[in-house]
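Let us walk through one protein chain, step by step. Keep the sequence and the 3D view side by side as you read.

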Amino acid sequence: MSYILFLGFRLAIYQQPPTFRLYCNNNFLDEFSIRTKPNKIINFGYDILSNDFLKLYKQNRSLLDYKGDWNFLPRNFNNFFHKDINWKIFEIDANIFKSKENHNLLLEVRNDDNNFTNGFMTKNTLFSLCLAYCVPKHYLSNLQLLFEEYVSFKLITRKTHLDVSSIKIDYKTRKSGLFDILGFNLLEQTNYENNQLLTWHPNNNRKKKIIERFSWIGESGHFDLNFSNEILMVTKNTYQKYVLIDQILMGLANKYNLYANQ
């Protein structure tokens, strides 16, 4: 068994892209850069899914019906995510997660591309980590199986709801999405605009920063992302604790199948 790790980035490059080093549970996975054309246009939006996909999704599927098929999508449709997001995909052996209840994903970033001169800087390379998901490989080739398993636990749980108040409690106590590593690391508090927050660790022994989830970062440092083994599986217990964002899973399955067929 193995897992597929998806990392989604936005980049605004001055001259050179950042260099990333990735570790999982102290195992080195890769060092990489994402090559895109230098650009000055920065999308400050929070969109992850494309408008084309969201429009089709809203027109054709109930948000509560995870068993719905994909027949509403045009043949060979692959425009699931916003065009500004750049992807890195990794296959991780299950042994890396074996015998542990909690895991760590460390993303080190070297980003020193700027025009710093005499104490002034007007241009630099920026990046934003938009998404980090880790999904069992077998689900990506058979999303119907994933949705059916999730719905089966939903039906079991619904039988225990005897009144409206118990239903409300169920939805209020559920956390960020299954397989969503970045979401698992969101802080409980939000900022004054109610935006979700993350912890970023700058280099040079500087204090950690609390940043918005989709913040642009123009310096070197690292994300230290911890997550529970629970979010990597679908069980009655994880259903009761975590939501399943089926739109994201549809897009990731498409990304993986394109990646696997290259």
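Which residue forms a salt bridge with Arg 206? The partner is Glu 219. The closest N and O atoms of the two are 2.9 Å apart. Before going further, note that this is a predicted model.

Where do these two partners sit? Arg 206 lies in the loop between strand S7 (197-202) and strand S8 (209-212). Glu 219 lies in the loop between S8 and strand S9 (221-228). The pair therefore ties together parts that are 13 residues apart in sequence. The cover on the two partners can be compared with set cut-offs. Buried means under 20% relative accessible area, and partly exposed means between that and 50%. Arg 206 has 43% relative accessibility, so Arg 206 counts as partly exposed. Glu 219 has 14%, so Glu 219 counts as buried.

Side chains of opposite charge can pair when their charged atoms come close. How many salt bridges does the structure hold? The count is six.

Take another of them. Lys 137 and Glu 91 meet through their side chains in a salt bridge, at 3.2 Å from N to O. Lys 137 belongs to helix H2 (residues 137-140), while Glu 91 belongs to strand S4 (residues 86-93), so this pair ties together parts that are 46 residues apart in sequence. Lys 137 is partly exposed, at 29% relative accessibility. Glu 91 is partly exposed too, at 43%.

Now move towards the end of strand S9 and beyond. The side chains of Glu 230 and Lys 241 meet in a salt bridge, with 2.9 Å from N to O. This pair links distant parts of the chain. Glu 230 is in the loop between S9 and helix H6 (236-241), and Lys 241 is in helix H6. Eleven residues separate them. Glu 230 has a relative accessible area of 21%, so Glu 230 counts as partly exposed. Lys 241 is partly exposed as well, at 27%. Salt bridges can also share partners. Here, Arg 21, Glu 31 and Glu 108 are joined into one network in that way.

Step back and look at the whole chain. What makes up its secondary structure? The chain has seven helices and nine strands. It has 262 residues, and 48% of them count as buried. The accessible surface of the chain comes to about 14,500 Å². Carbon and sulfur atoms account for 48% of that surface.

Is Ser 228 buried or exposed? Ser 228 is buried, with a relative accessible area of 10%. Set aside its neighbours within four places in sequence, and Ser 228 is in contact with Glu 101, Asn 102, His 103 and Phe 184. Now compare positions along the chain. Ser 228 and Asn 104 are 124 residues apart along the chain, yet their C-alpha atoms are separated by 8.8 Å.

Asn 26 has a phi near 70°, a positive value in a residue other than glycine. Asn 26 is found in the loop between strand S2 (19-24) and strand S3 (27-33). Phe 179 also has a phi near 70°. Phe 179 is in the loop between helix H4 (164-173) and H5. Their surroundings contrast. Asn 26 is exposed, with a relative accessible area of 74%, whereas Phe 179 is buried, at 0%.

Last, find the largest pocket. Its volume is about 640 Å³. How many residues line the largest pocket? There are 24, and Ser 176, Gly 183, Leu 186, Gln 196 and Arg 213 lie nearest its centre. Helix H1 (51-60), strand S6 (126-136) and helix H5 (181-184) each supply at least two residues of the lining. What kinds of residue are these? The lining divides into twelve nonpolar, seven polar and five charged residues.

Key. Residues are numbered from 1 along each chain as its sequence is written. This is a predicted model: local features need pLDDT of at least 70, side-chain atom pairs count only at pLDDT 80 or more; totals for chains, interfaces and linings use all residues. Side-chain values use heavy atoms; hydrogens and water are left out. On a 1 Å grid over the protein atoms alone, a cavity is a set of points where a 1.4 Å probe fits but cannot get out, and a pocket is an open set with protein on both sides within 12 Å along at least five of seven lines; lining residues have an atom within 4 Å of a point. Grid points are joined across faces, edges and corners, and a volume is the space filled by probe spheres set on the points. Helices (H or I, at least four residues) and strands (E, at least two) are DSSP runs, numbered from the N terminus. Ala, Val, Leu, Ile, Met, Phe, Trp, Tyr, Cys and Pro count as nonpolar, Asp, Glu, Lys and Arg as charged, and the others, Gly among them, as polar. A salt bridge is a side-chain nitrogen of Lys or Arg within 4 Å of a carboxyl oxygen of Asp or Glu. Buried means under 20% relative accessible area, exposed over 50%, partly exposed in between (1.4 Å probe, protein chains only). Accessible areas come from the Shrake-Rupley method with a 1.4 Å probe; for residues, only the protein chains shown count as cover. Contact means heavy atoms within 4.5 Å.
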